[in-house]
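Please keep the sequence and the model in view while reading.

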Amino acid sequence: MTGLLAVKLRRDLRATWPRIALMVVAIAVSLTAFSAVLYAWSAIDREVERAYLSTEPASATIRFAPGVDTERMAAIAAEARDQPGVLEATGRTQFTSDITVVGEPRDVRLQVFAAAPDDPLTMARFFVEDGAWPPDPGEIYLGRDSLDLLEVAVGDAVTVETPDGEAIRLWVAGTVYDPSLSPAAQEQAGRGYLSTASLAAVGESEAAAAGQWSPGSPLDQLKIQVAGPDETTPSRDRDTIVAVAGDVALWLQQAHGLAVAEIQVPEPYAHPHQGQADALLSALLVGAGAALLLSTILVANMLGGLFAQQIPQIGIMKAIGARAGSIARLYLAMTLLIAGVATLLALAPGILIGRAFAPAVFDFLGIDPAGLAPAWWTYLVVLAAGVVLPVLMALVPLVKTSRTTVRAAIDHRGAGADPRRATRVLARLGRIARLDRGLLMALRNTIRRPARFLLSAGLLASAGMMFVAGLSARDGMEAVAAETAELLQWDVAVQLATPVSVDVLAPVVGQVSGVERFEGWTTASASLSGPGGLPVSRTYPDQGHGRLQVTALPADTTTFAPPELSEGRWLEAQETGAIVLNQVTLAAADADIQTGDTVQLSIAGVSTRWRVVGIAEERGATSSAYVTAEGLATALGEPRWSNALRIVTSDHDEQARATAADAVDQALAGAGIDVQSADSVGRQEAVTGGHLEPILVILLATALPMGVIGCIGLASTMGANVLERIREFGVMHAIGARPKAVRRIVIAEGIFIALASCLLAVLPALGVTAAIGALLGNTFMYAPLPFRPSILAALIWTGLVVLGAWLATDAAATRASRLTVREALAYL
Amino acid sequence: MNADTADAAIRVSHVVKTYPLGAGEVVAVDHLSLDIAYGEFVAIVGRSGSGKTTLLNLLAGIDRPTSGTVHVARADLGSLSESGLATWRGHNVGLVFQFFQLLPTLTVVENVMLPMDFARKVPVADRRDRALHLLDRVGIGDQADKLPATLSGGQQQRAAIARALANDPPLLLADEPTGNLDSHTADAVLKLFADLNADGRTIVVVTHERDIRSIVGREVTLVDRRIVDDERTGASA
């Protein structure tokens, strides 16, 4: 490029700075969104892996009974390390308990993790923040995110119950950071960590006598790390882990006489919420990438318009000796400059927003990042996306323009497009009496440049589509909550520590004030059996993620509404051997299970076989299976018993429910029945909501850059339309049009485009609503969200886009209205 | 190139130029032949639609003939690519348009320097001096650093003529150079052309000015896309 062409470039940029600025802003905004997500993702990906692996998570946890003491466990773990494929082994235990803080009971329960005092914590680690491992006997460390949830402080005295119902008083001596678990608030469960020395002080009980749990021999989990192909690092292959863990479990049974209750093999190297975080970030990156692509298409179009405006000058330059190469270099430099400046502008905000956004995801995952710095390669990707993508998109108009011949330049008439096309389409409107000629003209002008009209309307439609789809997804989520609430046709749920006959419960619960009626259910943790008939689950150490719960329903239940079935049928009254699994269970299973198949479940340590008669689709539910009460009793070879009460209260407000829950708790305790929990139905909604709210906010935020780009697109289109029709506006002024009339026509064009974009967005918005519902639903609930297109969102967007169109068109309209006839006719 | 074309600055042989129009086509130049020797000052006159601008566009390589050949400044324009034509124009032809067509974002002197940048005939260090000299010659040296929009029509046309002379081309082609000027300014511009012709430059001016006979050496009249009169007036150098 010659020096004078560089001068021309500089002055052209200065002369057209509003349009150049719009292009820079369009790329910068979308690139900021794209880079922020990319930077955050790279940091999140690195930090989650680092934090999770820093806990040296167990590849598998083998639960067995009865528990063993620490000395025997140490011997078993040492032998286990010599088993083929085992890298490391250690013994642990855990249980869930009600908690009382300084004498005040808490609604939220506490998961207690215990290890031997001399456990070196080389695997399944957690990090003691205020103190050291092990805590003294009588001390407990709490997960630091549990403090707020439990309303407890370091130094407080708490009381927890061991699995045999013995209350132990503990002093909160410090806090623990455990990045292998999801945040306490999301799971509505506190976490406590103590050494088995704190448990040993508890006296023997009935449960201990029955061999179910012994405070002196509490360790009932063998955690192992399975070697990968290099035999030095843990395996990433779950099948390998299941096979090795199965062999170790058989060895435990045969060599040590321990009954294996379950083998828990979570997804290797994956945080409990890893899948959700990946899905969310992928969706965001795709959204931001789409915004970037749209913005570059917009910029390519705007540059095309700018180049087209320069065609007369290109003709002159060609006429005085310029070659296509010189012209191409001139406009390539212009494109590079715009893309380069936009990329530079996006750099800092991208990093800042990425750094602001990443902590929200870390909170979601319960992880402390060591650093928020993005990976080095992300800068290269952003540079390529910011500089190369716009150039690639602009290449076609650039080459086309630079190859314009002098003849084509002479023939160039600016507006160019055939107005007859629009006129033909809208000709009939002209026959409508009293139709405002100005509006008719605006309407025809709107589609005078079909490609430009489609681009502008398409950009706005894309933003509208995301906005409506985001709010519709929110409606879908609310519908899930409503559906779940509909299914929960009781007011208070009571979980008993040990099963009790319904006949025993009836006189106790039935007389409690505020209780209208109740049903006795049975719930039990279960595992689908894996290789060798051993029960294998995907359960994480929090015992929540990946856990399968079997619910046995009484024949005359009125508090349970059968869920929607995607396959098969519901249970028949008093049917035995039949089971209905929900879609979450199917997703977690290692095998392809269909109706008619037989599945083997380990329930309370008993191996049982069931025929799958139906597949339920329960959004918002965890992994669940349903059988009849008779079916469960038959399978376990025991009489009917209940460990879960579903109570309908006389009044259904939270206060009445809470009062009834307390009264039932006290009545049962008075009758010598151990109650594990007695909660209002309201608590279940809190767990579901905790998972999804931040995602909805982020989802709606993706509509923002698209909306900005859409308005820039509209402003650009209107600017280009006015520039190209300057002579027309001159003629209008010459024949008596007042500035106000011209202004009204231009603004009407913008509003017509905005309204057209709303129409264009209808079908895609429905499609994207379904797609987002499927993505979010399948990621979090293994079933699509209910399809709930939001009319309110569509109305809000229409209002916003019309207002945006007005504002975006104002500058162009002002320019058109202020043109003088002389300026217009002299325009080159 | 043969001996005949080498002798003539312009040789147009049996040229037909048609343009597509709707379902058919319109004939803009119909079997036209014309020779112009080096040093001639030729006016091509005729009414609107007679084909005179098309003829000038053919001579400048802006249009390509539908049939026939156009040789200008020792080049067969039909054989040159668009890029080749650009290079050829930069070295051999100065073009002057009715509406001046100065680049609006470059100053007057920069407009004149631009063809030198493209052709690279004039050393970089000499380009500004040469441009200023040319502006002095056309009488607007004091306007050199202004933007074209601030100049009057006559001044812009003088700047356009200076730009056409930038690479010292042997041939100047002007399309209605006085069509957008008042009579006084038009006379001054035509006088400038006459002076340039007196320096030995070949000049072809398309015009509808009947008064041009007094200053050109030859007047070619087109009617209905054909040459109907080719008259030497004896006024040129």
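The points below are grouped by topic.

The model is predicted. Chain A has 828 residues, of which 51% count as buried, and its secondary structure comes to 26 helices and 23 strands. Chain A and chain B touch each other, with 23 residues from chain A and 23 residues from chain B in the contact.

**Chain A: overall contacts**

- Taking contacts in chain A between residues at least 6 apart in sequence, 84% join residues that are at least 24 apart.

**Chain A: a pair of helices**

- Helix α11 (residues 324–365) and helix α12 (residues 376–402) of chain A have axes that come within 9 Å of each other and cross at roughly 155°.
- Because angles over 145 degrees count as roughly antiparallel, α11(A) is roughly antiparallel to α12(A).
- The crossing in which α11(A) passes α12(A) is right-handed.
- Sorted by class, the residues in the contact of α11(A) with α12(A) are 18 nonpolar and seven polar, with no charged residues.

**Chain A: strand β18 and its partners**

- Strand β18 (residues 578–582) of chain A is mostly covered, as four of its five residues are buried.
- β18(A) runs parallel to strand β20 (residues 606–616) of chain A, and five bridges join the two.
- Within this pairing, A:I579 stands opposite A:V612 of β20(A).
- β18(A) also pairs with strand β21 (residues 623–628) of chain A, in the antiparallel sense and over two bridges.
- The bridge partner of A:V580 in β21(A) is A:Y626.

**Chain A: backbone details in loops**

- The peptide bond that joins A:W133 and A:P134 is cis, with omega about 0°.
- A:P134 has its place in the loop between β6 (127–128) and β7 (139–143) of chain A.
- A:E56 is a residue other than glycine with a positive phi, near 45°.
- The loop that holds A:E56 lies between α2 (17–54) and β1 (60–68) of chain A.
- A:E56 counts as partly exposed because it has 18 C-beta neighbours inside 10 Å.
- A:V102, also a residue other than glycine, has a positive phi near 45°.
- A:V102 is found in the loop between β3 (99–101) and β4 (104–105) of chain A.
- With 11 C-beta neighbours inside 10 Å, A:V102 counts as exposed, since the cut-off for an exposed residue is 12 or fewer.

**The contact of chain A with chain B**

- The contact takes 23 residues from each of the two chains, A and B.
- On the side of chain A that touches chain B, α1 (3–15), α10 (311–319), α11 and α13 (406–411) of chain A each supply at least two residues.
- α1(A) gives the most to this side, with seven residues.
- By class, the side of chain A that touches chain B is made up of 11 nonpolar, six polar and six charged residues.

**Chain B: an open sheet**

- An open sheet of chain B is formed by six strands in the order β6-β7-β8-β3-β9-β10, with mixed pairing.
- Its edge strands are β6 (93–96) and β10 (226–232) of chain B, each of which pairs on one side only.
- On average, and with direction ignored, neighbouring strands of this sheet are turned by 15° against each other.
- β6(B) pairs with strand β7 (residues 171–175) of chain B in the parallel sense, over four bridges.
- B:G94 has B:L172 as its bridge partner in β7(B).

**Chain B: helices at the sheet**

- Helix α6 (residues 153–164) of chain B packs on the sheet, where it touches β6 and β7 of chain B.
- The direction of α6(B) makes about 165° with that of β6(B).
- Helix α7 (residues 183–198) of chain B lies across β3 (41–46), β7 and β8 (202–207) of chain B and runs at about 155° to β8(B).

**Chain B: residue B:R158**

- B:R158 lies in helix α6 of chain B.
- B:R158 counts as buried because it has 26 C-beta neighbours inside 10 Å.
- Leaving aside residues up to four places away in sequence, B:R158 touches B:V138, B:G139, B:I140, B:V189 and B:L192.
- B:R158 and B:A188 are 30 residues apart in sequence, and their C-alpha atoms are 9.3 Å apart in space.

How values were computed. Residues are numbered from 1 along each chain as its sequence is written. Chains are lettered from A and ligands numbered from 1 in the order in which they are written. This is a predicted model: local features need pLDDT of at least 70, side-chain atom pairs count only at pLDDT 80 or more; totals for chains, interfaces and linings use all residues. Axes are lines fitted to C-alpha atoms, for helices over the stretch in contact, and angles run from 0 to 180 degrees between N-to-C directions. Angles under 35 degrees count as roughly parallel, over 145 as roughly antiparallel, 65 to 115 as roughly perpendicular and the rest as oblique. A crossing is left-handed if the near helix is turned anticlockwise from the far one by less than a right angle, and right-handed if clockwise. Ala, Val, Leu, Ile, Met, Phe, Trp, Tyr, Cys and Pro count as nonpolar, Asp, Glu, Lys and Arg as charged, and the others, Gly among them, as polar. Two strands pair if DSSP finds at least two bridges between them. Two residues are in contact if their C-beta atoms, placed from the backbone, lie within 7 Å. A residue is buried if 20 or more other C-beta atoms lie within 10 Å of its own, exposed if 12 or fewer, and partly exposed in between; C-beta atoms are placed from the backbone.
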